[in-house]
Amino acid sequence: HSLKVTIQGFQRLSLRTSRCGSVIHLYSPQGRMTLDDYEMTADEAMEQYVKDAGMEGLFEGGASGWGRRLSSTDGMLEGFFD
């Protein structure tokens with residue numbers, strides 16, 4: 001499966017609890033994803049979008065402050081960042 005998400009904005013937040021000192025929120029019409037080093041989480045809206053696309057279970061575990069953590073990928077998180 002693959003899923004296309006158009007990122008309309010981003011925000012970097014400094015957090016002492018993050019792996020690298022900050023996290024990046026990626027905003028799309030479908031919801032928010034958060035990147036913390038190699039970990040990606042999603043809010044409830046993004047998780048529902050992924051579920052509706054037939055990829056239920058992509059994010060695992062209970063909600064943890066930022067959402068659910070990406071459970072597994074083939075190492076492919078592609079995008080253009082300017």
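Q: What do buried, exposed and partly exposed mean here?
A: Buried is under 20% relative accessible area, exposed is over 50%, and partly exposed is in between. The model is a predicted one.

Q: What is Q30 in contact with, leaving aside neighbours within four places in sequence?
A: V5, T6, A45, M46 and Y49. For M46, which is 16 residues from Q30 along the chain, the C-alpha atoms of the pair are separated by 5.4 Å.

Q: Which side chain has a polar contact with that of Q30?
A: That of S28, at 3.1 Å.

Q: Switching to the strands. How many bridges join β2 to β3?
A: Five, and the two strands run antiparallel. Strand β3 covers residues 31-36. One of the pairs is Y27 with R32, the latter in β3.

Q: What about β1 and β2, parallel or antiparallel?
A: Antiparallel, with six bridges joining β1 (residues 9-14) to β2. There, R12 has I24 of β2 as its bridge partner.

Q: Why is β2 described as largely enclosed by the rest of the structure?
A: Because six of its seven residues, in the run 22-28, are buried.

Terms used:
Residues numbered from 1 in each chain as written. Predicted model: local features only at pLDDT ≥ 70, side-chain atom pairs only at ≥ 80, totals over all residues. Heavy atoms only, no water. Buried < 20%, exposed > 50% of the residue type's maximum accessible area, 1.4 Å probe, protein only. Helix = DSSP H or I, 4+ residues; strand = E, 2+ residues; numbered from the N terminus. Pairing = 2+ DSSP bridges. Contact = heavy atoms within 4.5 Å. Polar contact = N/O pair within 3.5 Å; in protein donor to acceptor, adjacent residues only side chain to side chain.
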